[in-house]
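These are my notebook entries on one structure. I set down what I looked up, entry by entry.

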Amino acid sequence: MKRLIVKIKRNIVDKITNIDAPLINFLENFDRLIHLFLAIVIVFTSLAIFMWFLHDAYELFEKIAMFKKNISSSALKLFGTAILLWPLSALLRAEIKLLKGEQISLNIFVDTAIASTVRSFLVSTEEGKSLTETYYLIIALIVFAIVRLIVAYTEKISASNSRNKEQQ
């Protein structure tokens, strides 16, 4: 009787193992497909923002050519649009690393938060928002900078520990 139970358990485990491998393979391929889709979305978004950047650059140069005195708002708009390209580039790099099977750094997401906060700061100062909102953005930037330093330090320690384990 005991042998029969052991045999039945082995058969069940073998059947589950036979199901697991194709399911895991399907899920890995589906995950890869999602990351390919995200990479394509990032590329199209980057192209759209680059076209927006060119439009803002044209507007700035037009104001300069017409000798308009207040070009600061156009310059800030141009800089704000350029800042949007920075996190998109980092996210695209992260997607490429993921598709290659490499690990990505958490700093990419902190950098994205920093870039959007800097852009919000530029827009709020250009639009003349309240001083309180500007202070909140400055505090958010300080917090993000501290988080970025902590993440970078933690990743450096983790990389150092893994190198030490490989050498042993």
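**Confidence**

I began with the predictor's confidence: the chain has an average pLDDT of 85, and 97% of the residues score at least 70. I note that pLDDT is the predictor's confidence in each residue, on a scale from 0 to 100. The model is predicted, so I kept to its limits: local features need pLDDT of at least 70, side-chain atom pairs count only at pLDDT 80 or more, and totals for chains, interfaces and linings use all residues. Residues are numbered from 1 along each chain as its sequence is written, and side-chain values use heavy atoms, with hydrogens and water left out.

I then looked up confidence by helix. Within the chain, the mean is lowest in helix α1 (residues 2-65), at 84, and highest in helix α4 (residues 131-167), at 87. Helices here are DSSP runs of H or I with at least four residues, numbered from the N terminus.

**Aromatic pairs**

How many aromatic pairs does a search of the whole structure find? I recorded 2. Rings of Phe, Tyr and Trp (its six-membered ring) pair if their centres lie within 6.5 Å; planes under 30 degrees apart count as stacked, over 60 as edge-to-face and the rest as tilted.

The pair Phe26 and Phe30 is stacked, because the ring centres lie 6.1 Å apart and the planes stand at 20 degrees. Phe26 and Phe30 are 4 residues apart in helix α1, so about one helical turn separates them. For Phe30 I noted a relative accessible area of 41%, which means partly exposed; buried is under 20%, exposed over 50% and partly exposed in between (1.4 Å probe, protein chains only).

The pair Phe50 and Phe53 is also stacked, with ring centres 6.3 Å apart and planes at 20 degrees. Both residues lie in helix α1, 3 residues apart, about one turn of the helix. Phe50 is partly exposed at 39%, and Phe53 is partly exposed at 22%.

**Single residues**

Leaving aside residues up to four places away in sequence, Thr117 touches Leu137, Ala140, Leu141 and Phe144, where contact means heavy atoms within 4.5 Å.

My last entry concerns Leu47, which is placed in helix α1. Leu47 is partly exposed, at 49% relative accessible area.

Key. Helices (H or I, at least four residues) and strands (E, at least two) are DSSP runs, numbered from the N terminus.
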